[in-house]
Amino acid sequence: MGVRQIGHVPAFTVIAATTIAMMFGAAAPSPLYPVYQELWGFSSFTLTVIFAVYVIALLGGLLTVGSLSDHVGRRPVLFGGLAVLTASMAMFAFADGVPMLIAARVLQGLAAGAVTGTLSAALVDLQPTPRAGSIASSASPPGGLALGAVGAGILVQYAPMPRELVFLILIAAFAIVAVLIVFIPETSPRTGFISRAHLWKVLRPNASLPPAVRGVFFASTPAILATWSLGGLYLSLGSSITARILDIENHMVAGLIIGSFFGSGAIGSMAASGWSAHRKLAVGLSTLGSGLVVSLIGTISANVPSYIVGSMIAGFGFGATFVGVMATLIAVTAPASRGQVFSTLFIVSYTGFSIPAVVAGFAAIHVGLRPTAIGYSVFVLALVILAAGAAIWRARTDRPAPPETAAADADMVTAAADTAGTSR
């Protein structure tokens, strides 16, 4: 006798909750980094390496097994990914040094990369309306990151077992959503593989762009790098900046500051979801740039209010800008090529997410954290200015896009936005 399945709306809610739980786990180590540094005495460079291996592993999972659920079904991939995520949380909870932290981050990244495509596909499969799917997928990843940073900060500061409790809670959360996934309908037929060559073709990493999309993609690259590089700064060195530059020792407050950036990103994604692509980019880049300037002033002067306000403004710009980039690419990409284009988009995104953060960690050893944070902000601001110039050029030379249904566009924004949120 089969398990009785729940309806599409409750199942949609379960998938959104799974996305939030996964992103909560991605951000949870950030408020703990200063604790780990004090306990084990490692450098800022080592800290950013611990951060970067997650992104590298995530890319590996995304580019190899990210589409596996199209062939074996959504639920088996989700079960497998949740099992690996649970193992990584256990490693975090009982970590006794840097090697175990790195191993935990690698496992976490591989699992996140494996289930990201499945979660995004399941959201599209189960969405009650394209609008609901777009909002859920745009808000869930940055919302989960915000909740992870704030929740972990509170537990580290005030709860018993400060290094273990947040991960034990996440183990329980992953177990709960795994049980709930048993009851969701399977939305992808299990077609399997016709040969070993077919399996290898599915698992082989591939990143390319159709010729018709390359110009728009390259023009969008500065905006992609600006948003994700800034997100990488907050998740890698954000806790160190609040502790050593802003002189905030309370881990809850540090988590709230990191959470303010990603929480505003969720708001920006939702607010911009109904705007035109040009308006998304115009508002997104202007708020991203102005927020960066305000937070830069806070970094230079060690002014906490300026840093927080700037983080919130820049976070809104982060969400609106990236949704604008996706809308721009959707408008010029044929439906059959969208998976190919967005796979390449995420490679560029995660490269911007990790490499500048590692460079910053290395620089902090030699020139200090404050000059590094200032230089990093100036670098991102230069990317914002370059992106604004590219957006203005495109607005003047843009030709009308081929007509497509609003539902199809919303579906692709849903899938793309959900996949983008795993950095996290």
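1. Among the contacts (heavy atoms within 4.5 Å) in the protein with a separation of 6 or more, 86% join residues 24 or more positions apart. The model is predicted, so that local features need pLDDT of at least 70 and side-chain atom pairs count only at pLDDT 80 or more, whereas totals for chains, interfaces and linings use all residues. Residues are numbered from 1 along each chain as its sequence is written, and side-chain values use heavy atoms, with hydrogens and water left out.

2. The protein holds 17 helices and zero strands, where helices (H or I, at least four residues) and strands (E, at least two) are DSSP runs numbered from the N terminus. Of its 424 residues, 55% count as buried, that is, under 20% relative accessible area, with exposed meaning over 50% and partly exposed in between (1.4 Å probe, protein chains only).

3. Once neighbours within four places in sequence are set aside, L345 is in contact with F217, I224, F322, V325, M326 and L329.

4. The axes of helix α10 (residues 211-236) and helix α11 (residues 238-245) come within 4 Å and cross at roughly 60°, the axes being lines fitted to C-alpha atoms over the stretch in contact, with angles running from 0 to 180 degrees between N-to-C directions.

5. In helix α2 (residues 33-40), Y33, P34, Y36 and Q37 are buried. They lie on the same side of α2, because they cover an arc of only 160° around the axis, taken from the directions from the helix axis to the C-beta atoms. The buried residues of α2 pack against several helices, including α3 (44-64), α5 (74-93) and α6 (98-126). α2 is followed by G41, whose phi is positive, near 65°.

6. R75 is found in helix α5 and counts as buried, because its relative accessibility is 16%. Its C-alpha atom is separated by 8.6 Å from that of P185, although R75 and P185 are 110 residues apart along the chain.
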